[in-house]
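Hi,

Here is the structure I promised to pass on. Have a look at it first, and then read my notes below.

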Amino acid sequence: MSILKQGEFVGSLDCGTTWAHVCSSVRFIVFDQYANIVSQHQSEFPQYYPSPGWHEHDPEEIQEISEQCITQACAKLEEAGWSKESVKVIGITNQRETTVAWSRTTGKPLCKAIVWTDSRTKNTVAHFEHLLATTGIEVEPGKFKTGEEGIEALRDITGLKLSTYFSGIKLRWMIDNYSQVQKAHDEDDLLFGTIESWIVYNLTGSVQGGIHVGEVTNASRTLLLNLRKLIWDERLLTFFGFRRSILPKLVSSSEVYGHLSHGPLKGVPIGGLIGDQQGALVGNRCLRQGEAKCTYGTGAFLLFCTGKDIVNSSHGLLSTVAYQPGPGAAPVYALEGSIGVAGGAIKWLRDSMGFIKSASEINTLAASVPNTGGLYFVTAFSGLFAPYWDPGAAGLLIGLSSYTTPAHIARATMEATAFQTRAVLESMKLDSRTKLEHLKVDGGMTNGDVCMEILADIGGFDVVRPDMRESTALGSALLAGSAIRLFGWDISKPATLAEVNIKGSRIFNPHMPEEDREKGWTAWLRAVERSKGWDEGVDE
């Protein structure tokens, strides 16, 4: 038996959602100091849709598959001739707003996780909108702000607005609708977290000493975090009716939180945690003010780095934490535009409509026609996110005629993502007073050249697609390596990352005439207006 080589690598556990498979997936990737992939393993886990608008995951399935991926990737690493001891630190990146509630006593989930795309909480949102309009939110002892002032006060504290999207709303629904969650909350047996919190808790021992932490980029998606102070805000806990003790300890994006308690990497530190979209921002090295990226997966998420400044959007975008480079360090902020459905619509064409047999086939089908034949597809399967923010919007295909074929619908599906990207970029241009000349992209949808050509044409900007597109996983790896200064990496000093992922990229240039681009844009805006308000939330 040959002697295994000793190296220095960093691992990344990517617990996200993906558009390219029937199931969501977990991946564990081992990178070297140049971001070359040394070993990796990916496994899928099922999605559950028990009612219209509902989307659930089983937290225990995610945890089990995460551990399987680590084990299998380590086995592949050794098959390649490297000792598993070569992995010096791991990072974790995750789907952000997906909400987990579990028992402090047993360490077991109290119900299935509510996924970020789930829209069952429309009535919960309506309830708190009514509460803001009437009672308001207490901003100082005895001082309440109501109506528009209340909405603005909530956004000033959190950077967010009331929406089915965010974790605090999902947790409130769990407490109100599942007796076991309400009982745990009332008896102080409830632990709440997003996916990174759940994974770290289990990797470090669960009820046998597992740590309950929440990383700031994920916490900034809960409606419970004070965006400026990076603390759980008591005013928000009072407004939503939560005990302080259910919340995890807040931690930065890059520090040693604890060590793996079991498995092939037992004793290895966990050094990086970050929400998947912020992870892609870091992985693309968009670390300076004015740099932006868009990740196209189940949804699409465009983040624009604003540096040390919080930019309050007047045009439908969210202020969020981009990353915090270490404990006590000044955070870096971003403006974000979230598109609820991107690759998810391609999955719908495949699984529900049967137009294609695999996700990649959409490129061939869409390329078989030169245009959509006047068809527009507003993919509002769970309402509309940025910049429209209408939970009552419904999916809409408009412009159908006897001329329409599956190919036209396939092309309209790709155009929908491009139009929504442009809508977000138009808002970013107004808020930041900066026009992007190019957009860095990653994620499953970017593998198709046709999709990227359509994006460039409709957006009117250059689209830059790197050859190595595992940006989300790389982001958490960079943060983990930085925590122990592996390879000399320091996330607060971008120059130390100069040799990371320097492989080439392909640029897609726009070729559509400006007149055609603006004509299509005007028609898209008309289609969006027709989709709005179809399913109005009602207060219960």
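To start with a question: which side chain does a polar contact of 2.7 Å join to that of Arg-27? Asp-14 is the partner. Before I go further, please keep in mind that this is a predicted model.

Arg-27 sits in strand β2, which covers residues 24-31. Its relative accessible area is 17%, and buried means under 20%, so Arg-27 counts as buried. If you set aside neighbours within four places in sequence, the residues in contact with Arg-27 are Ser-12, Leu-13, Asp-14, His-41, Gln-42, Cys-69 and Glu-470.

Now the sheet that holds β2. Six strands form an open sheet with mixed pairing, and the order is β3-β2-β1-β5-β16-β15. β3 (37-45) and β15 (254-259) are the edge strands; each has a single partner strand, so one side of each has no neighbour in the sheet. On average, neighbouring strands here are turned by 25° against each other, direction ignored. At the β15 end, three bridges join β15 to β16 (residues 269-275), and the two run antiparallel. Ser-254 has Gly-272 in β16 as its bridge partner.

Two helices to look at on this sheet are α1 and α6. α1 packs on the sheet and touches β1 (9-16), β2, β3 and β5 (87-94), with its direction at about 150° to that of β3. α6 (residues 195-203) lies across β1, β5, β15 and β16, and runs at about 145° to β5.

Some detail on α1 itself. The helix takes in residues 59-79, 21 residues in all, and reaches 30 Å from its first C-alpha to its last, close to the 30 Å expected at 1.5 Å a residue. Asp-58 caps its N-terminal end, with a side-chain oxygen 2.9 Å from the backbone nitrogen of Glu-60. The buried residues of α1 are Pro-59, Ile-62, Gln-63, Ile-65, Ser-66, Cys-69, Ile-70, Ala-73, Cys-74 and Leu-77. After α1 comes Gly-81, which has a positive phi near 100°.

α2 (residues 122-134) can be read in a similar way. Its 13 residues should span 18 Å at 1.5 Å a residue, and the end C-alpha atoms are 18 Å apart, which agrees. Which residues of α2 are buried? They are Lys-122, Thr-124, Val-125, Ala-126, Phe-128 and Leu-132. Their cover includes β8 (137-140), β9 (143-145), α3 (147-158), α4 (167-177) and α8 (234-240). Just after α2, Gly-136 has a positive phi of about 85°.

Next, the other sheet. It is open, has seven strands with mixed pairing, and is ordered β19-β20-β18-β17-β23-β24-β25. The edges are β19 (318-323) and β25 (505-508), each with a single partner strand, so one side of each is left without a neighbour in the sheet. Neighbouring strands of this sheet are turned by 30° against each other on average, direction ignored. Within it, β18 (residues 300-307) and β20 (residues 332-339) run antiparallel and are joined by seven bridges. Leu-303 stands opposite Glu-336 in β20.

α12 lies across β17 (292-296), β18, β20 and β23 (438-442), at about 145° to β20. α12 also packs with α15 (residues 514-531) at an angle of about 90°, with the axes 11 Å apart. The two helices are therefore roughly perpendicular to each other. Ala-416, Phe-419, Gln-420, Arg-422, Ala-423 and Glu-426 in α12 meet Arg-517, Glu-518, Gly-520, Trp-521 and Trp-524 in α15.

Two last residues. Arg-530 is in α15, and a polar atom of its side chain lies 3.2 Å from the backbone oxygen of Arg-526. Not counting residues up to four places away in sequence, Arg-530 touches Leu-396 and Ile-398. Ser-401 lies in the loop between β22 (396-398) and α12 (406-432), and is partly exposed, with a relative accessible area of 40%.

Cheers

Note on methods:
Residues are numbered from 1 along each chain as its sequence is written. This is a predicted model: local features need pLDDT of at least 70, side-chain atom pairs count only at pLDDT 80 or more; totals for chains, interfaces and linings use all residues. Side-chain values use heavy atoms; hydrogens and water are left out. Helices (H or I, at least four residues) and strands (E, at least two) are DSSP runs, numbered from the N terminus. Buried means under 20% relative accessible area, exposed over 50%, partly exposed in between (1.4 Å probe, protein chains only). Two strands pair if DSSP finds at least two bridges between them. Axes are lines fitted to C-alpha atoms, for helices over the stretch in contact, and angles run from 0 to 180 degrees between N-to-C directions. Contact means heavy atoms within 4.5 Å. The expected span of a helix is 1.5 Å times one less than its number of residues. A polar contact is a pair of N or O atoms within 3.5 Å; within protein, one must be able to donate a hydrogen and the other to accept it, and residues adjacent in sequence count only if both atoms are side-chain atoms. Angles under 35 degrees count as roughly parallel, over 145 as roughly antiparallel, 65 to 115 as roughly perpendicular and the rest as oblique.
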